Amino acid sequence: MATALKFPSLLVVVAMAILSMGGGIAQESEAVAGTAPYRIHTLFSVECQNYFDWQTVGLVHSFRKAHQPGPITRLLSCTDEQRKNYAGMDLAPTLEVPSMSLHPKTGDWYPAINKPAGIVHWLKHSKDAENVDWVVILDADMIIRGPIIPWELGAEKGKPVAAYYGYLVGCDNILAKLHTKHPEICDKVGGLLAMHIDDLRALAPMWLSKTEEVRADKDHWPTNYTGDIYGMGWISEMYGYSFGAAEVGLLHKITDNLMIYPGYIPREGVEPILMHYGLTFSIGNWSFSKLQHHEDNIVYDCGRLFPEPPYPRELNAIESDPNKRRALFLDIECMNTLNEGLLLHHAARGCPKPKWSKYLSFLRSNKFAELTRPKKLTPKSRQMMEVVVRKQKQEVAELDKQKQKQEQEAAELAKQKQKQEQEAAELAKQKQKQEQEAAELAKQKQKQEQEAAELAKPHPKIHTLFSTECTPYFDWQTVGLVHSFHKSGQPGEITRLLSCTDEDLNSYKGHDLAPTHYVPSMSRHPLTGDWYPAINKPAAVLHWMNHVKTDAEYIVILDADMIMRGPITPWEFNADKGRPVSTPYDYLIGCDNELAKAHTRHPEACDKVGGVIIMHIRDLKRFSLLWLHKTEEVRADVGHWSKDITGDIYEAGWISEMYGYSFAAAEMNLRHVISKDMLIYPGYNPVPGVNYRVFHYGLEFRVGNWSFDKAKWRRMDIVDKCWAKFPDPPDPSTLKRADEDSFQRDLLSIECGKALNEALQSHYERRKCPDPNTLSNPVREQAKPAPNPPSLSPPIRKKTPEITSLPPPDRGPPNEITASRKIGKIDDVDDALTHDDVAAKNESREISPPVETNENQTFGFMRFWIIGLWGFSILSFFAVMAMMISRQKGQRKRGKAFKTKRRTTYSG
């Protein structure tokens, strides 16, 4: 593809437009502000799309407005087909770059790779790359507020300045160890990059290569490795940069002050010089999300701007806190700068002068020019994060350690002398110690007597509840939980709260899986028609409380996807009246913001809890109805479903039931004892010494090549297929013990997988499934992956019983995401999203041929006699019909003869 810099004399036209508009809009100088001791060049990467065109207009406009030194170049990646119809070549100084969105070798679709590919192309083909000392690399969705001058920020050759991207957790785990020889200097950075040209020349090819490498490493895409909430490898380019920089030995000076996301509150005394509007931000009822303008033709529609934000004077009434109000001013500055750039661009394109409006008058005003004048760095803005001097501190720490060792040796000599002096005093203390030991023994005896008296007291009765629906998915979870309940030594009884429609209940076969209380389904709300199965949990608890008499003093509430490892008792975890116990759900951020204020009178009492609940029966009687009402209330509050308010990455209101619980508890001033020692997710590193009582396998977990994800077995009818089981986890003896944390984590994951299969085995034995040894003519079924999980084949006869392993179903389409360990009910979201179209799908299920047994032979004889009887019945039917037709014909003939005889009689 031919490459050339193309940019007409836009500045002259813009200047004319400014004059024609009255000159109120902030003036842009064609000359570079100031004299730089070194040459700077600014780069950003885009594609041939309307989405990037309006971002380009905003960035280039802010580039001039901020008086950024040096030139700016847009790296434009387009396919040949896109280039034919592209109309935005005049939007910025441009270098055309061959598109790598569809990788030429692998065929992988990954547009983000165009950023490192474009920089490699610029270094190789642009003359500007030969006449520059420093390079500033930005993203298109940014607004510059002040000059970004690398050496003023503290950049040095070999030590670039970059913004902090804390979510790049792969720098701290196995991902970095796999993709760089120097994981110890992997820096979590991105967004703003300012580096010497020599560093960029060394880095760029490695950046591109490492991006391809991480992108191909699909085994390590999950959130726990990358921090990518979608688990689809979308931030591979960011890791490509960090790993490439580590590989060439770049040590970044990392800043968390220079760049800010609109919607975030700046630190006191910090003046950000760059805004990155990659996330949704809002003020009152006004909001802006760049993703809502993906196909927006706003650059080419004369006179059209983005929706105007509130005016500055309105912000004083909205927010009283000075720092929060300052954040709102940054929000409107970002939006107004974008609109100002569009206005000037339309004028430069020869669009008609827009009609007067209050908003246009504001954009032309001296007030706006004053608010958006170029910002200068403050002392606090220049401060770098502690990690900047990581390596230097390590070296200093090592020297200090050596010095400390020498001082310790000298102190040891002094101690020896002191020890000799103390030995004399020690003899005098021994008598005192013996007296103290005697007193301690008496104290221990008294404590033991108190403990014995405490144990002699009768403990309060406990009843355990869990909520499910009439589906095979919940049936196998029920088998696992109930089996573990009996093994755990949990006191009291357990009851399954089964929420089903009448139609589902008529065909349901799992009545015997657990002691069951039947509850009308509220998955489809009877009043609103809202489809929300999670509401069945509070609704079922309320129904049980109103219809069942219990002598239990405490109720333990669990989820079906749990395995108990030990008893959960109120006396051990200090539950009491008015003081329930639960486990932390830190992602319920709505307890800390406006969501809690909107739904409870006591937001300060909102606890971020869930999973395991221990509550006194008196509290639960008052609480259960409020839990249901608050769930309905939060579910109906669609205006507060956004991720930044609820923490729900899907913004679908799916965790409304969890907030219903927390808000109802806050309303009643129930403050929880929050225990981190009760529950663990398999796949998480355990805290040493903690005896966790519950596995919550709501998220995918793995050990080596083996993994388990409950969502993959959603539509598999497991409990009715004798001797079926999940794929066996690895043998613990095969684990490597190099890392103790990982070793203990994997042991717990294996324990959870084994517990599920053990529960299924016990279930089949209880149902008296036929012994595989008694089956004749064994036929081995080869499990084949299918678009939906195949039906299980009959068990195979061997010398010892062999349990059929379930074949893992194929993964769903890319948009069906299993992730975020922060949202534990993602599989239920999938149910809700697909419920209405399940009936429209033609789900073909592959069934293996049955094994020939004596029972099958008996059935064959019965079928033969049934077919014979059926044939005989048909022949008899035709015979009877023939006789009836023949008889009717005979009657007609006799009737005619009788009529003739009567006529003859009359005529005589």
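The model is predicted: local features need pLDDT of at least 70, side-chain atom pairs count only at pLDDT 80 or more, and totals for chains, interfaces and linings use all residues. Residues are numbered from 1 along each chain as its sequence is written, and side-chain values use heavy atoms, with hydrogens and water left out.

The secondary structure comprises 25 helices and 26 strands; helices (H or I, at least four residues) and strands (E, at least two) are DSSP runs numbered from the N terminus. Of the 908 residues of the protein, 48% count as buried. Here buried means under 20% relative accessible area, exposed means over 50%, and partly exposed lies in between (1.4 Å probe, protein chains only). The protein exposes about 46700 Å², of which carbon and sulfur atoms supply 54%; accessible areas come from the Shrake-Rupley method with a 1.4 Å probe, and for residues only the protein chains shown count as cover. Among contacts (heavy atoms within 4.5 Å) in the protein with a separation of 6 or more, 76% are between residues 24 or more positions apart.

The interior can be followed through its nonpolar cores, each a set of buried Ala, Val, Leu, Ile, Met, Phe, Trp, Tyr and Cys residues joined through side-chain atoms within 4.5 Å. The largest of these has 76 residues, and Trp 54, Leu 138 and Ile 148 have the most contacts inside it. Helix H11 (residues 322–348) gives the largest share of this core, with eight residues. A second, separate core has 75 residues, including Ala 666, Ile 718, Leu 760 and Cys 769. Returning to Ile 148, and not counting residues up to four places away in sequence, this residue touches Ile 40, Gln 68, Val 136, Leu 138, Leu 153, Leu 192, Ile 273 and Leu 274.

Asp 141 is placed in the loop between strand E4 (134–138) and strand E5 (142–144). Asp 141 counts as buried because its relative accessible area is 6%. Its side chain joins that of His 276 in a polar contact of 3.1 Å. A polar contact is a pair of N or O atoms within 3.5 Å; within protein, one must be able to donate a hydrogen and the other to accept it, and residues adjacent in sequence count only if both atoms are side-chain atoms. Apart from neighbours within four places in sequence, Asp 141 is in contact with Gln 55, Met 275, His 276, Tyr 277, Gly 278 and Lys 290.

Charged pairs come next. A salt bridge is a side-chain nitrogen of Lys or Arg within 4 Å of a carboxyl oxygen of Asp or Glu, and by this rule the count comes to 40. In one of them, the side chains of Glu 271 and Arg 145 meet at 2.8 Å, N to O. This pair links distant parts of the chain, 126 residues apart: Glu 271 is in the loop between strand E9 (259–260) and strand E10 (274–276), and Arg 145 is in the loop between E5 and helix H5 (150–153). Both Glu 271 and Arg 145 are buried.

Another salt bridge joins Asp 720 and Lys 509, with the closest N and O atoms 3.5 Å apart. Again distant parts of the chain are linked, here 211 residues apart: Asp 720 is in the loop between strand E24 (706–708) and strand E25 (724–725), and Lys 509 is in the loop between helix H17 (502–507) and strand E15 (516–520). Asp 720 is partly exposed, with a relative accessible area of 26%, whereas Lys 509 is exposed at 55%.

His 67, with phi near 60°, is in the loop between helix H2 (50–65) and strand E2 (72–78). For Glu 651, phi is near 50°, and this residue is found in the loop between helix H21 (643–646) and helix H22 (656–667). His 67 counts as partly exposed at 30% relative accessibility, as does Glu 651 at 42%.

Phe 877 lies in helix H25 (residues 854–907).
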